[in-house]
Amino acid sequence: MSLIPSFFGRRSSNVFDPFFQGFPLSTNFPSSARETTAVANARIDWKETPEAHLFKVDVPGLKKEEVKVEVEDGGILQISGERSKEQEEKNDKWHRIERSSGKFCRRFRLPENAKAEQVKAAMENGVLTVTVPKEEVKKPEVKAIDISG
């Protein structure tokens, strides 16, 4: 509960609240002004384990067919996709548009110990997991040298 009194008799007096009863706001904006079409910035976590590099990407609402995972020559991992804009019907009355749509593309230079030819990807519950196995680090051989004399 807010400690600040509301001038409109409600707890929330935020003009962006769809139930705001203050000023009459026009919803007759041109469609281009209402769009939130922007490059969607996919959030990515990159974790290294002893066996692999793991990339976890939040892609809620996307199907696996709408996301692309590629490894370019030179060890560049590219994760891209596109979230389509919802179709606008003539009789629809939009109250709020906050979900972004558009293309996203994230690129990462893989470390030298990455096995780029064995990359795997899986998607579950709106999270894409890309697994990049690591080469085993060879311990340098130590050769004992006899000391003469």
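This is a predicted model: local features need pLDDT of at least 70, side-chain atom pairs count only at pLDDT 80 or more; totals for chains, interfaces and linings use all residues.
Four strands make up an open sheet, and their order across it is 1-2-7-6. The pairing in this sheet is antiparallel. Strand 1 (44-48) and strand 6 (120-124) lie at the edges, each pairing on one side only. From one strand to the next, the twist averages 15 degrees.

Strand 1 and strand 2 (residues 52-58) run antiparallel and are joined by five bridges. Within strand 2, L54 is the residue that stands opposite K47.

## The nonpolar core

The largest nonpolar core has 16 residues. The members that touch the most other members are F55, V57, I79, L128 and V130. At least two residues of this core come from each of strand 2, strand 4 (76-83), strand 5 (102-109) and strand 7. Strand 7 gives the largest share, three residues.

For V130, contacts beyond four places in sequence are with H53, L54, F55, V69, L77, I79, V119, K120 and A121. F55 and I79, two of these partners, are also listed with V130 among the core members that touch the most others.

## K134

K134 is found in the segment after strand 7 (127-133). This lysine has a relative accessible area of 13%, which is under 20%, so K134 counts as buried.

The side chain of K134 makes a polar contact of 2.7 Å with the side chain of E48. Apart from residues up to four places away in sequence, K134 touches E48, T49, P50, E51, A52, H53, N113 and K115.

Definitions and conventions: Residues are numbered from 1 along each chain as its sequence is written. Side-chain values use heavy atoms; hydrogens and water are left out. Buried means under 20% relative accessible area, exposed over 50%, partly exposed in between (1.4 Å probe, protein chains only). A polar contact is a pair of N or O atoms within 3.5 Å; within protein, one must be able to donate a hydrogen and the other to accept it, and residues adjacent in sequence count only if both atoms are side-chain atoms. Contact means heavy atoms within 4.5 Å. Two strands pair if DSSP finds at least two bridges between them. Axes are lines fitted to C-alpha atoms, for helices over the stretch in contact, and angles run from 0 to 180 degrees between N-to-C directions. A nonpolar core is a set of buried Ala, Val, Leu, Ile, Met, Phe, Trp, Tyr and Cys residues joined through side-chain atoms within 4.5 Å.
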